[in-house]
Amino acid sequence: MATPATVRLSTVQARRIALAAQGFADARPAPWTATTRHLQRVVDRVGIVQIDSVNVVARSQYLPFFARLGPYDTDLLDRARDRSPRRLVESWAHMASLIPPSTWPLLDFRMRRAVEESWGGMQRVAREHPGLVEAVLDEVERNGPLTSRALELALAHDIPRTRDSWGWNWSIVKNALEHLFWSGQITSAGRNSQFERRYASLALVAPRTPPLVREQWLHPAARPSEAEAYLEMVRIAARSHGVGTVLCLRDYFRLKTVQVMPAIEALVARGVLLPARIEGWDKPAWLYAGARRPRAVHAEALLSPFDSLVWQRERTEALFDLRYRIEIYTPVEKRVHGYYVLPFLYGDTLVARCDLKADRAAGVLRVNQVTWQPRVPQAAAEALERNLASMADWLGLAGGVQGSTGWSANRPEARPGAQPGPQ
């Protein structure tokens with residue numbers, strides 16, 4: 001079969017394809033009217049939603065839906081994760097993530113390797129306390145869902161947490177639970193209001209339909225082979241990217257180049273991927289054959305630092321001419337843009353970095369710092385003010401927004417009608 005012709009794209013075209021693939025070309029529902037169907041549309045676009053415990057603005061899993069839907073009832077997401085039939089389950093996909101139940105069996109290769117490769121305490125407890133691990137598994141299967149605290153009490157095994165060389169200071173029971181979770185012997189039935197994982201048996205959480213997916217959940221032998229899993233994960237990554245390099249496609253599920261290259265070649269042979277060259281990029285790329293190629297995209301969105309649009313930092317810089325880094329763990333005196341910085345999407349590019357904090361005690365959304373890109377028009381500043389007000393309302397902060405966006409018409413690079421960001 002002949003190799004398909006290479007598709008040549010400008011950076012602007014690639015950027016718009018990427019935005020459409022991530023759901024930013026879809027029409028938003030009216031504020032507070034989003035339904036489960038809207039939520040599912042976002043899940044179908046992005047494929048993976050990263051989880052993180054940082055709650056400076058909101059927990060990270062809620063923010064990608066706000067960015068694409070506007071103000072919505074977060075109970076929709078909680079129900080999609082916590083109630084049957086579940087639309088999302090928790091697993092280690094990109095990082096700790098929410099994924100569709102049909103994606104979970106694809107990660108069997110990672111679960112199997114977790115038995116040998118899981119982090120220190122988890123591996124140690126499996127090696128040194130196999131009887132405890134077996135008791136924990138039995139307790140979860142008989143009485144789950146259970147949090148680690150509830151299970152420790154049930155086993156009368158609440159080990160005092162002491163400072164040692166182990167990073168998170170988890171108890172031995174928590175280590176056993178995480179070993180079982182990572183290795184796919186138990187799963188999560190969601191989180192409680194304290195953001196504690198509720199561990200449960202596979203049988204309790206596995207979807208009832210379609211039957212094949214349930215079979216794959218319950219019987220490892222029914223799961224796709226590694227090669228089949230890599231193929232499907234690369235397809236999902238390509239669909240969610242629209243267009244991307246090897247680095248983009250492997251980073252989505254945190255795979256290795258050796259794992260994704262055969263999958264890329266197979267998907268090209270099947271016509272699912274098309275070879276592409278993007279203006280200014282020095283690496284080959286692949287275009288998802290079914291990707292939308294909009295002539296224009298106008299979106300306005302505050303993006304979580306953990307939004308899948310900006311996961312891969314090299315890609316973000318190449319598409320949007322914006323160097324973006326998370327500075328949470330950077331010493332205060334060395335931070336450039338702030339502690340918890342959300343990029344602001346306006347039109348079809350990223351025009352600002354916004355350091356925000358939901359001050360729940362004071363009931364306000366604090367704007368600590370906004371760093372604008374060059375050539376940003378006043379309309380973008382007005383859009384940011386609208387989006388900040390909308391976020392404050394969504395977060396239930398009755399005092400609204402406190403702080404300045406820092407945009408000034410007197411800045412030499414700001415002018416009426418200017419096109420924001422890279423051209």
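Biologist: Hello! What should I know before we start?

Modeller: This is a predicted model, where local features need pLDDT of at least 70, side-chain atom pairs count only at pLDDT 80 or more, and totals for chains, interfaces and linings use all residues. Residues are numbered from 1 along each chain as its sequence is written, and side-chain values use heavy atoms, with hydrogens and water left out.

Biologist: What makes a stretch a helix or a strand?

Modeller: Helices (H or I, at least four residues) and strands (E, at least two) are DSSP runs, numbered from the N terminus.

Biologist: Then let us take helices H1 and H15. Why is H1 called oblique to H15?

Modeller: Helix H1 (residues 11–21) and helix H15 (residues 313–320) pack at about 125 degrees, with their axes 9 Å apart. The axes are lines fitted to C-alpha atoms, for helices over the stretch in contact, and angles run from 0 to 180 degrees between N-to-C directions. Angles under 35 degrees count as roughly parallel, over 145 as roughly antiparallel, 65 to 115 as roughly perpendicular and the rest as oblique. The angle of about 125 degrees therefore makes H1 oblique to H15.

Biologist: Which residues make that contact?

Modeller: On H1 they are Thr11, Ala14, Arg15, Ala18 and Leu19, and on H15 they are Arg315, Ala318, Leu319 and Phe320. Contact means heavy atoms within 4.5 Å. By class there are six nonpolar, one polar and two charged residues. Here Ala, Val, Leu, Ile, Met, Phe, Trp, Tyr, Cys and Pro count as nonpolar, Asp, Glu, Lys and Arg as charged, and the others, Gly among them, as polar.

Biologist: And what is the relation of H7 to H9?

Modeller: Helix H7 (residues 130–143) and helix H9 (residues 172–182) have axes that come within 9 Å and cross at roughly 70 degrees. That angle makes H7 roughly perpendicular to H9. Leu132, Val133, Val136, Leu137 and Val140 of H7 meet Ile172, Val173, Ala176, Leu177, His179 and Leu180 of H9. This contact has 10 nonpolar, one polar and no charged residues.

Biologist: Why does Asp44 count as partly exposed?

Modeller: Buried means under 20% relative accessible area, exposed over 50%, and partly exposed in between (1.4 Å probe, protein chains only). Asp44 has 44% relative accessibility, so Asp44 counts as partly exposed. Asp44 is found in helix H2 (residues 36–46). Asp44 and Arg239 are 195 residues apart in sequence, yet 9.5 Å apart in space, C-alpha to C-alpha.

Biologist: How do you know that the buried residues of H11 line one face?

Modeller: In helix H11 (residues 211–218), Val213, Arg214, Gln216 and Trp217 are buried. Seen down the axis of H11, the buried residues fall within an arc of 160 degrees, so they line one face of the helix. The arc is that of the directions from the helix axis to the C-beta atoms. Pro211 and Leu212, on the other side of H11, are exposed. Among the elements covering the buried residues are strand E3 (89–92), strand E5 (187–191) and helix H10 (202–205).

Biologist: How does E8 pair with E1 and E9?

Modeller: Strand E1 (residues 7–9) and E8 pair in the parallel sense over three bridges, and Arg8 stands opposite Arg277 of E8. Four bridges join E8 to strand E9 (residues 285–288), and these two run antiparallel. Leu274 stands opposite Leu287 of E9, and Ala276 opposite Ala285 of E9. Six residues lie between the strands in the hairpin of E8 and E9, where Gly280 takes a positive phi near 90 degrees.

Biologist: What makes E8 mostly covered?

Modeller: Five of the six residues of strand E8 (residues 273–278) are buried.

Conventions. Two strands pair if DSSP finds at least two bridges between them.
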